[in-house]
Every structure is written in C-alpha cells, then in structure tokens.
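Visitor: Hi, I'm new to this one. Could you walk me through it?
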Amino acid sequence: MKALVYTGVETLEYRAVADPVANQGETLVRIDSVGICGSDMHAYLGHDERRPAPLILGHEGAGVTSDGRRVTINPLVTDPTSAASRSGRENLCPSRQIISMPPREGAFAERVAIPERNLVAVPDHITFEQAALAEPIAVSWHAVRLGLAAMHPADQRRAHVLGGGAIGVAAALALKAMGVNEVTMSEPNVARAEYLRKVCGINVVAEPEKNVPLVIDAVGFASTRAAACAVVSPGGVILHIGLGSSEGGLDIRRITLQEITLIGTYTYTAQDFRDTCAAMFEGRLGALDWFETRALTDGAAAFSDLRAGTTHAPKIILKP
C-alpha cells in the first residue's frame, strides 16, 4: 500500500510500504479521511521522542472495514484487563498504545490495523471527513467533562479557551454542548480568528476578561500557561490539554494562595469517545465543517503550510 512516512525532521515521503497485518481481534480499515494533529506536527518538527523516524503518523482516522462498515477509529489501544481500564480510565492504562506511535503505525496510509473494540459505527448522514473529527473532539470532551466536575457549585458556568486550533475549537463546542453558554476564546492569528467567528460562531476576543471560573489551555506553551494563571478566578479551574512545551508559565504562588485547581488531561476514555460520537451524530456539536481537505499525496505540503501558519481552518484532513 501507499503511505505518507515521516523520515526525518520536517521530512515526509509518500511511498510504498508493507501492508498492515490484523492480529487476533483486530480489523483492517481502509482509510478515507485522516486529520493532521498537533502531535503529528510535534513529531514532524523533531520534538517528540516517542515518534522516531521512520514512522507512519496520523491517528484521527475514519473509513471502511473489510466487510463494508463505515467507522471512525478510537486510536488509543489499551489492555482491557488493566486496573485502569477496568475502572473506566483506559487513557491511564500503563501499557496503552496509540496508532502513529511505535509499535503501531498510523493512519496516513491506505489501510490501518486496529482492534475491533476501537471502532464506532458512523451513520450515513455523517461524512468521513466529519467522522475523522471524532478523535480531536473526544480529547476536548474528556477535558471539559473533568473541568465541569471540578468547578465549585457556586461558580458561574463561564469559560475561556486559549488557542483556536482543533482542540480549542472542540473545547468551545463541547462546553456549549454541556451547557456552558458564555465561552470566549483567544487566538493570535488574525485570519484564523476571523475564520472561527464566521464559520464556527465562536466569540474570539482580543483580550480575555479576568476572573473566569474555567480556563482551558489548548496550546500548552509557557506563555499560555501564564495567561491561564492570570485569567482564572480565585477557586477556579485550569484545564491543561496542550503539549506545546513542558516547562515554564505556571504561577504556583497564585495557584496555591487562590486555591486554583490545575488539571492535566490526556486523550479520553472509551466512554468519552463513544459519547463524543453520539453528540456529533445527534448534531449537538455543530455543523462539523471547520476543516479543509487535501490529498494524502500532498501531505508534505500540508505540513509545510501548517508550519508556516498559512492555513485558516483549524483542521486539515488528508484523503488517501
């Protein structure tokens, strides 16, 4: 089969590779649509030691099984017998794997092997491009669920999202789907901000108000962590999703003195993924039209454009 292979820093090659093999309990999925994630970009830039070259990246996939079922893929492969999995916290399974990270190749390819339990059926009224958004939206759905549970009952249900990429957009949509109607967003890219206002109906502001009970850092740099600490209200909650960098930005003194809750969130549980898909299929997360599509053969150019910041849509979806 053909695949887009990460071969070195800022280098991708579209070439022939060995066909994937489905082990016991697994299914082969012919990929129709696969999104480019921020973690794919981290690997592309050489910033993710968990994804060494050569490797097929991509984990936001949707397509058709060998027996003709339309599916979207939960790429997080876990041990169902682990204590974490048995308690409904599969994302904390110590032996977790994810496609696009060794030993599992990713979905920037014509086909991928995945356990049957990781597939969610996609109804006919949902396109494969929309279905490929399930994974990034599930990341934010999981985070928002945790954040709302951690908020004090007396606090207003108001939130601010830092970052207008796919995770930030998904967080804003998940917040609204879960009943938080006052949601603002910070996005420094002027063209991206205007796109989000017009296409997604998100209230992108130049400067966030202070004293917001729930702040979501969907970027994860020192500057956005510092902004989150400055904006959040006393007794409020900061959700940290972004993996931009690992150091700096936290105002530990303010977090301590103002009893601010800081929650790190990673991926999602299997139930979160299913709940996300249900919300998407029922129309509770909007039109799901905040993407642009390109051929997988043009994947290297798509990464280059993302690197240069010249794309306005929060998500680029590649088509094998």
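This is a predicted model: local features need pLDDT of at least 70, side-chain atom pairs count only at pLDDT 80 or more; totals for chains, interfaces and linings use all residues.

Visitor: Okay, so which residues of helix α10 are buried?
Guide: Gly299, Ala302 and Phe303, in a helix that runs over residues 299–308. Seen down the α10 axis, they fall within an arc of 100 degrees, so they line one face of the helix. That arc is taken from the directions from the helix axis to the C-beta atoms.

Visitor: And what covers them?
Guide: The cover on the buried residues of α10 includes β1 (2–8), β2 (11–16), α1 (38–44), β17 and β18 (315–319). Helices here are DSSP runs of H or I with at least four residues, strands are E runs of at least two, and both are numbered from the N terminus.

Visitor: What follows α10?
Guide: Gly309, with a positive phi near 75 degrees.

Visitor: Let's switch to α6. Which of its residues are buried?
Guide: In α6 (residues 190–200), they are Arg192, Ala193, Tyr195, Leu196 and Cys200. Looking down the α6 axis, these buried residues fall within an arc of 160 degrees, so they line one face of the helix. The face turned away from that buried side carries exposed Val190 and Lys198.

Visitor: What does the buried side pack against?
Guide: The buried residues of α6 pack against α5 (166–177), β12 (182–186), β13 (203–204) and β17 (291–295). A contact means heavy atoms within 4.5 Å.

Visitor: Where is Ser245 found?
Guide: Ser245 is in the loop between β15 (232–240) and α8 (252–257). At 29% relative accessibility, Ser245 counts as partly exposed.

Visitor: What does Ser245 touch?
Guide: Leaving out residues up to four places away in sequence, Ser245 touches Gly220, Phe221, Ala222 and Arg225.

Visitor: Zooming out, how many helices and strands are there?
Guide: The protein chain has ten helices and 18 strands. Its C-alpha trace spans about 55 × 45 × 40 Å along the principal axes.

Visitor: How much of the chain is buried?
Guide: Of its 320 residues, 53% count as buried.

How values were computed. Residues are numbered from 1 along each chain as its sequence is written. Side-chain values use heavy atoms; hydrogens and water are left out. Buried means under 20% relative accessible area, exposed over 50%, partly exposed in between (1.4 Å probe, protein chains only).
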